[in-house]
Amino acid sequence: MILKESWPIFSNFGQKTVDVLAPGISIDSTIPNNGSLQVNGTSQAAPQVANLVLRLMRSAKKLSLRIDNSTLKRIVLESGDYKNSLEKKTVSSAIINPKRALQTLQYLKKYSLEKSIEMGQRDVQDIPAQKSWLKHLSFENYLIDLPEPF
């Protein structure tokens, strides 16, 4: 359980090798025969980041925005919830915040990337650092259909 910025023992850290954290505790995962099971691990966290990137790509297409990979990466890293306890442990010192990332993308329709990131940080709250934040980041809330070819 992640409470008050403590991290599970299986978390990966690396000031130069881990860009951002994502939830990996009590994630609903599918199992054979249409079942589901809550599981933990980095293999549960990585798809959350991939899911967010796909949502950003799909939303950019709907907004008629052409964004490159470096812009996508900046949005994911710089729209995350900054955590002091992650300083010198990850590149961004942050946990993904999907709502903020998607709002930042919306601002790109009118503003520069820097201004959009600033406005996203200002307008979208951090996800509370308690058990309830897992609900906000579960696949259930951010499930997407497979994208059309880009």
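Strand E1 (residues 27–31) and strand E2 (residues 35–39) run antiparallel and are joined by 5 bridges, where strands are DSSP runs of E with at least two residues, helices are runs of H or I with at least four residues, and both are numbered from the N terminus. Two strands are taken to pair if DSSP finds at least two bridges between them. Within this pairing, Ser29 has Leu37 of E2 as its bridge partner, and Asp28 stands opposite Gln38 of E2. The hairpin leaves 3 residues between the strands, and Asn33 is found in that loop between E1 and E2. Asn33 has a positive phi of about 65° although it is not a glycine, and its side of the picture is an open one in terms of area: Asn33 is exposed, with a relative accessible area of 79%. Here buried stands for under 20% relative accessible area, exposed for over 50%, and partly exposed for what lies in between, with a 1.4 Å probe and protein chains only.

The coordinates belong to a predicted model, in which local features need a pLDDT of at least 70 and side-chain atom pairs count only at pLDDT 80 or more, whereas totals for chains, interfaces and linings use all residues. Residues are numbered from 1 along each chain as its sequence is written, and side-chain values use heavy atoms, with hydrogens and water left out. The pLDDT, which is the predictor's confidence in each residue on a scale from 0 to 100, averages 78 over the protein, and 73% of the residues score at least 70.

Read along the sequence, the protein follows the pattern β-β-α-α-β-β-α-α-α-α, which corresponds to 6 helices and 4 strands. Of its 150 residues, 42% count as buried. If contact is understood as heavy atoms within 4.5 Å, then among contacts between residues at least 6 apart in sequence, 62% join residues at least 24 apart.

In soluble globular proteins, nonpolar side chains tend to be buried together.

Ile75 lies in helix H2 and is buried, with a relative accessible area of 0%. Leaving aside neighbours within four places in sequence, Ile75 is in contact with Leu56, Ala101, Thr104, Leu105, Leu108 and Leu113. The C-alpha atoms of Ile75 and Leu113, which are 38 residues apart along the chain, are separated by 8.2 Å. Thr71 also lies in helix H2 and is buried, with a relative accessible area of 16%. Not counting residues up to four places away in sequence, Thr71 touches Leu108 and Leu113. The side chains of Thr71 and Asp68 are joined by a polar contact of 2.7 Å, that is, a pair of N or O atoms within 3.5 Å, of which, within protein, one must be able to donate a hydrogen and the other to accept it, residues adjacent in sequence counting only if both atoms are side-chain atoms.

Helix H3 is mostly covered, with 7 of its 10 residues buried, namely Pro98, Arg100, Ala101, Leu102, Thr104, Leu105 and Tyr107.

Val49 is found in helix H1 and, apart from neighbours within four places in sequence, is in contact with Val20, Ala22 and Ile96. The C-alpha atoms of Val49 and Pro23, 26 residues apart along the chain, are separated by 9.3 Å. In the loop between H1 and H2 is Ser64, a residue other than glycine whose phi is positive, near 60°, and which is exposed with a relative accessible area of 60%.

Over residues 131–150 the pLDDT stays under 50, and for these residues the model has 44 contacts beyond four places in sequence. Where pLDDT is low, the predicted coordinates should not be read in detail.
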